[in-house]
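Student: I am new to this structure. Please take me through one part of it closely, then show me how the rest is laid out.

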Amino acid sequence: MRPGPTAGAPALRGGVLHRAVSRTRQAWGRPLTAYYLVAGSAVLIAALGLVMVFSASQIQALRSGLPATFYLTRQVMAAAAGSVLVLLAARMPVPWHRWLAIPLLVSSVALLGLVQVPGLGRTVNGSTNWLAVGGPFAIQPSEFGKAAFVVWGADLLARKQQHRLLGQWTHLLVPLVPGALLLVGMVLLGGDMGTAVILSAMLFGMLWLVGAPLRLFVVTLTGAGLLAAVLITTSAHRVSRFACLGASDPGPGDQCWQVVHGMYALSTGGLFGNGIGASLEKWGQLPEPHTDFIFAVTGEELGLVGTLTVLGLFAALCAAGLRIAVRASEPFVRLVAGGVVTWIATQATINIGGVLGLLPIAGVPLPLFSYGGSALIAALYAVGLLLAVARSEPAVRAALTARKRARVSARPGLLRRRRAGGRPRRSVFPGG
């Protein structure tokens, strides 16, 4: 007796689900999946970011007497420079990146030192982390310090792991930890605690990847927590930021104005948002709508679907980076991939957590998305690093070579077909 439709339906659905899961696992296991996922998700985040930067910044530009496209033009220029850097970094052999490790670190430390020179450093929103380079242009050396620390730290730990030295505490911590503390200290001199937290997370991430003992993390995290408590309690500005966690009203002196209006923007977006350019909070109610709070404007204009899309793209980028790290056969590749993922994931979490009122506002941009030329260029270089270390793996390199050969072999046949089908036809009209 044949089973009825009701009895067979669950089995059919189960079979379809099983095949879908199997195909997904098969696709995820292919050598080029993570490579293309990194490139594709980064491009989509940056492209959507350009749209939202223009939408979120035009009112502020007009209020300052600037053209509506002022901030967009600058962001496009940074994106163009970063795109060139991505292509160069992705094509650059991994040994070249390792050779640049110390020059990058020294240059970053030198630029961070110049920030503290009177007349060269520029203060923005209470943080002196900008270096004037002429006219209205300025760079933020702390963003490039993140990239330098990833390459230098990965190269240092990879060489020590190759010589089996990481079992000794001295080699595990020196000079990696002093180098990290130097960068963190110089960033804190400028008042940028958010970037200091990101650098610290990158340090812990790379130590975790090389198998540092658990007691090291317990001791160092306890010390870092005590130091952070001292830094917070000694600054009224930082205390006020922690006081706004979960705030539902601006509070005395409007100290929680940013958090509350960020929540207003997210709550009024609904499922699909009010449409591109239709945000009301960016008309002066929401401070820094194109930098720190661009995620709130995205929620107001694109709704829950838009914010979940942004989160999904970041999740795809980080998952692909972790996949590269897991499959890596070389320590340097694994450490670079893990360091970049820690950087992007931590920075995105701090930014979005501040917008949602779950974390204190740290003043860090949403990577690849917020306005900020230095941040965008540094993040794109990090993407180029991920692509470069992915290309260095034998399986990825073989798959790329095979795909290139397939395209080259297909060109003669395609050219013949075009020539055969492209002969000019005689016109049916007189004089044609």
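**The strands, and what lies around them**

Tutor: Four bridges hold strand β1 (residues 121-124) and strand β2 (residues 127-134) together, and the two run antiparallel. Keep in mind that this is a predicted model.

Start with the partners. Thr-123 has Thr-128 as its bridge partner in β2. Arg-122 stands opposite Trp-130, again a residue of β2. Now look at the turn. β1 and β2 make a hairpin, with two residues between them. Asn-125 sits in that turn and has a positive phi of about 55°.

Next, follow β2 to its other partner. Strand β3 (residues 137-139) pairs with β2, also in the antiparallel sense, over three bridges. Here Ala-132 stands opposite Ala-138 in β3. So much for the strands.

Now step back to the whole protein. Its secondary structure comes to 16 helices and three strands. The protein has 432 residues, and buried residues make up 42% of them. Its C-alpha atoms fill a box of roughly 80 × 70 × 60 Å along the principal axes. The accessible surface comes to about 22,100 Å². Carbon and sulfur atoms account for 67% of that surface.

Now go on to helix α6 (141-162). Asp-155 is found in this helix. Is Asp-155 buried or exposed? Its relative accessibility is 8%, so Asp-155 counts as buried, the limit being under 20%. Which residues does Asp-155 touch, leaving out those up to four places away in sequence? They are Arg-98, Ala-101 and Phe-332.

Move on to the loop between α6 and α7, where Arg-164 is found. Arg-164 is not a glycine, yet it has a positive phi of about 55°. Arg-164 is exposed, at a relative accessible area of 74%.

The loop between α7 (169-173) and α8 (176-189) comes next, and Pro-175 is found there. Look at the peptide bond from Val-174 to Pro-175. That bond is cis, with omega near 0°.

Further along, Glu-288 is found in the loop between α12 (257-267) and α13 (294-327). Glu-288 also has a positive phi, about 50°, although it is not a glycine. How exposed is Glu-288? Its relative accessibility is 22%, so Glu-288 counts as partly exposed.

Now take helix α14 (residues 331-355), where Ala-348 is found. Ala-348 counts as buried, with 8% relative accessibility. What is Ala-348 in contact with, once neighbours within four places in sequence are left aside? It meets Phe-314, Leu-366 and Pro-367. Compare its place with that of Tyr-36. Ala-348 and Tyr-36 are 312 residues apart in sequence. In space they are 21 Å apart, C-alpha to C-alpha.

Finish with the aromatic rings. A search of the whole structure finds six aromatic pairs. One of them joins Phe-70 and Tyr-71. Two values describe a pair of aromatic rings: the distance of the centres and the angle of the planes. For Phe-70 and Tyr-71, the centres are 5.2 Å apart and the planes are at 85°. Planes over 60 degrees apart count as edge-to-face, so the pair of Phe-70 and Tyr-71 is edge-to-face.

Phe-70 counts as partly exposed, at 25% relative accessibility, whereas Tyr-71 is buried, with a relative accessible area of 12%. Which residues form the cluster here? Phe-70, Tyr-71 and Tyr-371 form one aromatic cluster.

Find Asn-125 in the turn of the hairpin, then follow β2 from Thr-128, the partner of Thr-123, through Trp-130, opposite Arg-122, to Ala-132, opposite Ala-138.

Terms used
Residues numbered from 1 in each chain as written. Predicted model: local features only at pLDDT ≥ 70, side-chain atom pairs only at ≥ 80, totals over all residues. Heavy atoms only, no water. Buried < 20%, exposed > 50% of the residue type's maximum accessible area, 1.4 Å probe, protein only. Areas by Shrake-Rupley, 256 points an atom, 1.4 Å probe, with all protein chains shown as cover. Pairing = 2+ DSSP bridges. Contact = heavy atoms within 4.5 Å. Phe/Tyr/Trp six-rings, centres within 6.5 Å; stacked < 30°, edge-to-face > 60°.
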